[in-house]
Amino acid sequence: MCGLRPGKSDMALEDVADCELFKLAMAGEESAFVSLYRRWQGNIYRFSLRFSGSASIAEDVTQEVFLSLIDSASRFNPALGSFSSYVYGIARNHLLRRMSRERIFAPIAENSEEENRGPHEEMSRPSDPLGDITQQEIKDSLHRAIAALPLRYREVVVLCELEELKYEEAARVIGCPEGTVRSRLHRARSLLLHKLRKKTRKDSQTAGIAPAGCTP
Amino acid sequence: MNCQTFEALITDLARDGLQDETMRLRALDHSGSCSRCAARLADERALTALLKHARADGGDASAHVETAILSAFRSRWIRVTPAAAPQPVRRTLSSAYWSIAAALVITVIGVAAFRLLHFSGPDRNRGEIRARNEAAREVPMQTVTPPAPATAGEGSAPVQVASSAKPAAAKSVTGRPAHPESQPADEMGTDFILLTPESELFSIESGQLIRVLLPRTVLASYGLPVNQERLSKPVAAQVLISQDGVARAIRFLSDSDPRFVSSAMHSKR
């Protein structure tokens with residue numbers, strides 16, 4: 001399933017499956033490790049950023065995840081789950097530990113825009129601020145709404161919706177049954193819709209326009 | 001389908017994740033006939049589109065993270081690559097350490113066994129040793145003496161006396177013959193003698209053979225003949241040390257054995 005094929009060129013490494021690349025890297029092939037890092041660092045960083053809402057925590061956690069991979073290579077067993085479940089699981093553990101240490105579990109209140117602008121602005125950097133202003137506002141609202149969700153709902157939204165993990169994989173990351181992920185996602189989406197609707201209604205009232213749902 | 005069932009399926013329906021085609025069609029039928037559920041599905045689909053759009057947001061970790069990770073990876077591989085370790089020096093120190101440890105262990109075992117036999121052992125053992133020593137004293141080296149029938153045939157413990165008659169009892173403790181043809185007329189080289197119970201041999205994965213020089217009196221504690229004329233000279237032996245540092249077996253070398261000659265020369269230096 002995940003056989004070791006040493007001596008692959010850098011070009012060929014792009015097509016190598018994650019678990020195979022990981023084995024090569026843990027056998028000491030630096031090119032494989034670099035390839036694996038470049039393939040996964042963005043996902044881990046974004047996951048950590050959405051999970052914690054802090055860019056500095058996200059960077060630290062990204063670093064810790066890869067250090068953990070180097071130090072505990074033998075713990076990964078492809079028969080027990082995908083590589084993505086494994087790395088997201090490590091990231092989640094680091095995040096929970098870090099957030100527990102810094103006591104930042106409380107959901108961010110989505111009402112106060114000024115207070116919440118900081119971390120969410122880091123998530124979205126528009127290339128054409130004037131043209132994309134509305135789109136950008138909607139995305140900012142969405143990120144704020146996600147950040148304001150309780151942790152158990154936030155993590156399923158981030159894993160299933162933003163990181164595109166299957167229910168089964170997300171369940172393995174979180175360590176709960178698949179049905180729990182499904183029901184939490186259902187509830188999380190309802191909460192997100194509720195928050196976005198509220199925000200749209202508030203904006204419409206401010207601008208003197210009738211509410212128009214949450215359609216972007 | 002009622003609104004409650006529709007609500008249970010709406011997440012998967014909006015995310016295009018409803019695998020059951022029949023259920024999907026029934027749910028869509030229901031949304032066509034129920035305006036409330038239709039609006040709900042529209043909202044859910046809008047949310048799915050919005051989330052899909054937001055997937056790419058967030059950027060990447062900065063370059064210094066990659067640098068730090070890469071240096072950690074390199075340092076890890078330098079640490080564990082055998083070529084990076086100063087092997088020759090370590091090997092020399094290790095073998096010196098093992099030699100000293102083995103010599104100490106053997107000396108302690110020898111002295112303890114000797115004391116046990118001479119001072120606290122049963123009368124039979126004491127008599128045995130005394131008989132051995134007397135026999136060795138009575139039979140001078142290189143003297144052709146007919147084998148004493150008492151030692152060979154009376155069922156007593158075989159006392160190995162120096163004799164050219166190659167007594168049948170000239171066996172090592174392991175039970176194998178000590179190659180009498182190749183042995184000199186007095187003390188003999190032996191096969192390996194176990195120092196630990198046989199059952200413990202299964203735990204031996206690897207070991208080292210170390211040559212040591214021991215007081216000649218140690219021979220008596222293993223039931224081997226002692227040449228009184230050479231009592232002041234040490235006897236050479238090879239000790240098998242297992243991977244856990246425990247002395248597992250010993251074999252004594254005869255004085256004419258080239259391994260003994262080299263040991264003696266080495267010890268003089």
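In the predicted model, A91(A) touches I44(A), F47(A), S48(A), V61(A) and V65(A), residues up to four places away in sequence being left out; contact denotes C-beta atoms, placed from the backbone, within 7 Å. Local features need pLDDT of at least 70 and side-chain atom pairs count only at pLDDT 80 or more, whereas totals for chains, interfaces and linings use all residues. Residues are numbered from 1 along each chain as its sequence is written, with chains lettered from A in the order in which they are written.

A91(A) also belongs to the largest nonpolar core, which has 61 residues and in which V87(A), A91(A), V156(A) and V157(A) have the most contacts. Such a core is a set of buried Ala, Val, Leu, Ile, Met, Phe, Trp, Tyr and Cys residues joined through C-beta atoms within 7 Å, a residue being buried if 20 or more other C-beta atoms lie within 10 Å of its own. Helix 3 of chain A (residues 30–52) contributes the largest share, 10 residues; helices are DSSP runs (H or I) of at least four residues, numbered from the N terminus. A second, separate core of 20 residues includes V218(B), A220(B), V226(B) and L253(B).

In helix 9 of chain A (residues 167–174), the buried residues are E169(A), A170(A), A171(A), R172(A) and V173(A). This helix is followed by G175(A), with a positive phi near 85°.

The contact between the chains takes 35 residues from chain A and 26 from chain B. On the chain B side, helix 3 (35–54) and helix 4 (63–80) each supply at least two residues.

Technical notes. Buried ≥ 20, exposed ≤ 12 C-beta atoms within 10 Å, placed from the backbone. Contact = placed C-beta atoms within 7 Å.
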